[in-house]
Structures are given as C-alpha cells and as structure tokens.
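User: I want to learn how to read strand pairing and packing in a protein model. Can you walk me through one?

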Amino acid sequence: AGAGLATLPAQETAATESSEHQSNIAAIRAAIEDRNRNDVPAYVARHSEDFANFGRVIGRARLGEIVRDIITTFPDGRYTIEEIVASRDQVVTRSTFSATHLGIGRIPVNGGMLVGVAPTGRSFSIQHMHWYTLREGLIVAHTACRDDIGMMVQLGLLTRPTP
C-alpha cells in the first residue's frame with residue numbers, strides 16, 4: 001500500500017472507519033450535551049489544549065471564556081442536532097440554535113453584534129452548521145456558519161428591508 005494508506009482488508013478497513021466515525025460522532029454529541037447543560041468545564045475538557053477556532057489557536061482557557069460569555073447572553077441556549085455526518089477525523093453538524101437574549105455580551109462572538117447590547121428578552125431560533133476536527137477523541141479545530149442576521153432580526157435589533 002502507498003504512504004498513509006491502510007493495509008487492512010477492505011471489510012476490516014470499512015469497519016475501522018465506521019467505528020472511528022461513530023466514536024467521533026459520539027464525542028461531538030457528548031460535547032453538545034455538555035454545552036446544552038451549560039457545563040463549561042466538561043465542554044472545554046472535550047477540546048485539545050491547542051484547540052483552534054475559525055483557524056486561530058485559542059486553547060481551552062479562551063474557549064471557556066467565550067462559552068461563558070455566550071451562556072451569559074443566552075442562558076437558555078440549546079443546540080438541537082438536525083443532521084450529523086462524519087468522514088475520517090471530521091464531523092459536521094447542522095443544528096438549530098434556540099435561545100432567549102437575557103444578558104449582555106462582552107466578547108465579540110455571534111458576529112460581534114451583541115457586545116454591550118441590553119437584553120431584549122426576545123427568543124430566536126436559527127440554523128447553525130459546525131465543522132469539527134477530532135484527534136484521539138478531542139476536538140482540535142472548529143469552524144461554523146451561523147445565521148447571525150436572522151438572529152438579530154428575530155431579536156428586533158435589525159429590520160428586514162422592504163422590497
């Protein structure tokens with residue numbers, strides 16, 4: 001076999017890949033459940049020390065700060081996985097994120113649009129797509145695509161232009 005290619009028989013390779021995919025999917029599901037319970041220490045522990053977010057290494061400590069800020073802004077925030085797929089060391093989720101704006105954000109996350117904004121008390125529900133890379137059961141990298149504009153419209157902080 002060539003460099004980096006598995007030398008196992010095809011059936012065994014498929015079973016190993018399937019096992020790895022299922023393990024990676026289970027790791028992401030567990031991380032999201034930790035996040036939904038607002039269990040920051042457990043959530044952060046599922047990430048590597050050199051964790052990268054949107055291509056920037058931020059590590060566990062900064063990740064914890066960011067997640068705590070999101071929880072302050074949306075204490076009832078909940079991710080519901082609509083679809084989840086895995087390939088090699090990658091897991092992608094399409095989720096619905098639902099929450100109520102009950103706190104003031106201090107860190108420029110969620111597009112940076114909620115920093116210093118007084119709570120509206122309004123709820124929203126939007127789509128998110130998250131792409132994770134795992135190594136030895138830990139999340140080492142993450143990127144996402146979120147409907148931040150839809151969130152702001154539902155919170156009453158932006159209006160849709162009229163045609």
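User: In what sense do S3 and S4 pair, and over how many bridges?

Analyst: Two strands pair if DSSP finds at least two bridges between them. Here S3 and S4 run antiparallel, joined over nine bridges. One example: Arg 78 has Ser 98 in S4 as its bridge partner. This is a predicted model: local features need pLDDT of at least 70, side-chain atom pairs need 80 or more, and totals for chains, interfaces and linings use all residues. Residues are numbered from 1 along each chain as its sequence is written, and side-chain values use heavy atoms, without hydrogens and water.

User: What is the strand order in the sheet?

Analyst: Strands are DSSP runs of E, at least two residues; helices are runs of H or I, at least four; both are numbered from the N terminus. The open sheet has six strands, ordered S2-S1-S6-S5-S4-S3, with mixed pairing. Strand S2 (56–57) and S3 are at the edges with a single partner strand each, so one side of each lacks a neighbour in the sheet.

User: Which residues touch the most other members of the largest nonpolar core?

Analyst: A nonpolar core is a set of buried Ala, Val, Leu, Ile, Met, Phe, Trp, Tyr and Cys residues joined through side-chain atoms within 4.5 Å. Buried means under 20% relative accessible area, with a 1.4 Å probe and protein chains only. The largest core holds 32 residues; Ile 28, Phe 74, Phe 124 and Met 151 touch the most other members. Elements supplying at least two residues each include helix H1 (10–36) and strand S5 (123–135).

User: What does Phe 74 contact?

Analyst: Contact means heavy atoms within 4.5 Å. Beyond neighbours within four places in sequence, the partners of Phe 74 include Phe 97, Leu 114, Phe 124 and Met 151.

Terms used. Buried < 20%, exposed > 50% of the residue type's maximum accessible area, 1.4 Å probe, protein only.
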